[in-house]
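Keep the view open as you read and look up each place when it is named.

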Amino acid sequence: MSGTGPPRLFCFHHAGAGTSGFARWQRVLGGSAEVVPVLLPGRDARFHEPRITAPERLFAELFDRLGPLLDRPYALYGHSLGGLIGYHFARVVETAGLREPSRVVVGAVLPPHLPSPLLPAAFPPDGQLLPWLVSYGALPAEALEGGPGGIWQRRVLPTVRDDLLLGQALRALERTPLRVPLVAVAGLDDAIAPTGPVGQWRHYSTAGFRLETVPGGHFFVREREVAQLLTGVMDGVGAEVRSKSSSV
């Protein structure tokens, strides 16, 4: 891919997920952005690769895969765990002296200084983890079907557990404000990351902050409204790029 074309929107998925939540986003965003879903190892087409639980390995993975794609303006969107990934990736990009994102958007995630119900100091044992996640709405009720030998227990739960371990490790990293604008998105019915606490992301940028709300619970990433919101964000990024180009 070349450095010409619309801004890129890199999308980081939530714990236990793949990139299917972003499947329709390109259609919604149209020419305002090139949507680039980022698939972590251990799921979907990368199922047989070892999952990532350490931030150092995560950042090495992201630099390897995304570094060549930072050749044009871009923004980051991360949902739940993906929000922590996006925030910290923006931090390490700044530190490395690479092209910084034009915007960082975090959705359905509490800022790292606040305790998260999904990231306790210790997780329940395997036999209790699945119903615990269902009780918080982090997994659907059908995850309990099939019992200990069911597909959720065998295939989904190990991925979720490792992703939550990665989330714990990311929350423990240094927390510094970004030098780029930050947008936080909360679902109006999200009991895991309610609007008020999500608004405390305002402390994580020195370049401006905006809090947005959309209909839905913790998995509003599957709904059209957040993609429409990001269309506006990316239109703004594109307008800034054109303004800078015309002033040169």
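1. A word on terms before we start: contact here means heavy atoms within 4.5 Å. Please also keep in mind that this is a predicted model.

2. Let's begin with a pair of helices. Which residues of α4 meet α5? From α4 they are Asp126, Leu129, Leu130 and Leu133, and their partners in α5 are Trp152, Gln153, Leu157, Val160, Arg161 and Leu164. By class, this contact is made up of 7 nonpolar, 1 polar and 2 charged residues.

3. Now for the geometry of that pair. Two packed helices are described by the angle between their axes and the distance between the axes. Helix α4 covers residues 126–135, and its packing angle with α5 is about 85°, while the two axes lie 11 Å apart. Angles of 65 to 115 degrees count as roughly perpendicular, so α4 and α5 are roughly perpendicular to each other.

4. Just after α4 you will find Gly137, which has a positive phi of about 80°.

5. Is Ala108 buried or exposed? Its relative accessible area is 1%, so Ala108 is buried. Beyond neighbours within four places in sequence, Ala108 is in contact with His79, Ser80, Val185, Asp190, Ala193, His218 and Phe220. For a sense of distance, Ala108 and Gly82 are 26 residues apart along the chain, and their C-alpha atoms are separated by 9.3 Å.

6. Another alanine is worth a look: Ala75, placed in strand β3 (residues 74–79). With a relative accessible area of 0%, and buried meaning under 20%, Ala75 is therefore buried. Setting aside neighbours within four places in sequence, the contacts of Ala75 are Arg8, Leu9, Phe10, Pro101, Arg103 and Met234. Between the C-alpha atoms of Ala75 and Glu94, which are 19 residues apart along the chain, the separation is 14 Å.

7. How much space lies in the largest pocket? The answer is about 670 Å³. Its lining has 40 residues, and the closest to the centre of the pocket are His14, Ala15, Gly16, Ala17 and Phe219.

8. Helix α5 (151–171) and helix α3 (81–96) each supply at least two residues, and the largest share, 9 residues, comes from α5. Sorted by class, the lining of the largest pocket holds 23 nonpolar, 11 polar and 6 charged residues.

9. Finally, have a look at the second largest pocket, with about 150 Å³ of space. Its lining consists of Pro73, Tyr74, Arg99, Glu100, Ser102, Val237, Glu240, Val241, Lys244 and Ser245. Which helix gives the most to this lining? That is α7 (residues 224–247), with 5 residues. Here the classes come to 4 nonpolar, 2 polar and 4 charged residues.

Methods:
Residues numbered from 1 in each chain as written. Predicted model: local features only at pLDDT ≥ 70, side-chain atom pairs only at ≥ 80, totals over all residues. Heavy atoms only, no water. 1 Å grid on protein atoms, 1.4 Å probe; cavity = no way out; pocket = protein on both sides within 12 Å on 5 of 7 lines; lining within 4 Å. Points joined across faces, edges and corners; volume = space filled by probe spheres on them. Helix = DSSP H or I, 4+ residues; strand = E, 2+ residues; numbered from the N terminus. Nonpolar A, V, L, I, M, F, W, Y, C, P; charged D, E, K, R; others polar. Axes fitted to C-alpha atoms, helices over the stretch in contact; angles between N-to-C directions. Parallel < 35°, antiparallel > 145°, perpendicular 65-115°, else oblique. Buried < 20%, exposed > 50% of the residue type's maximum accessible area, 1.4 Å probe, protein only.
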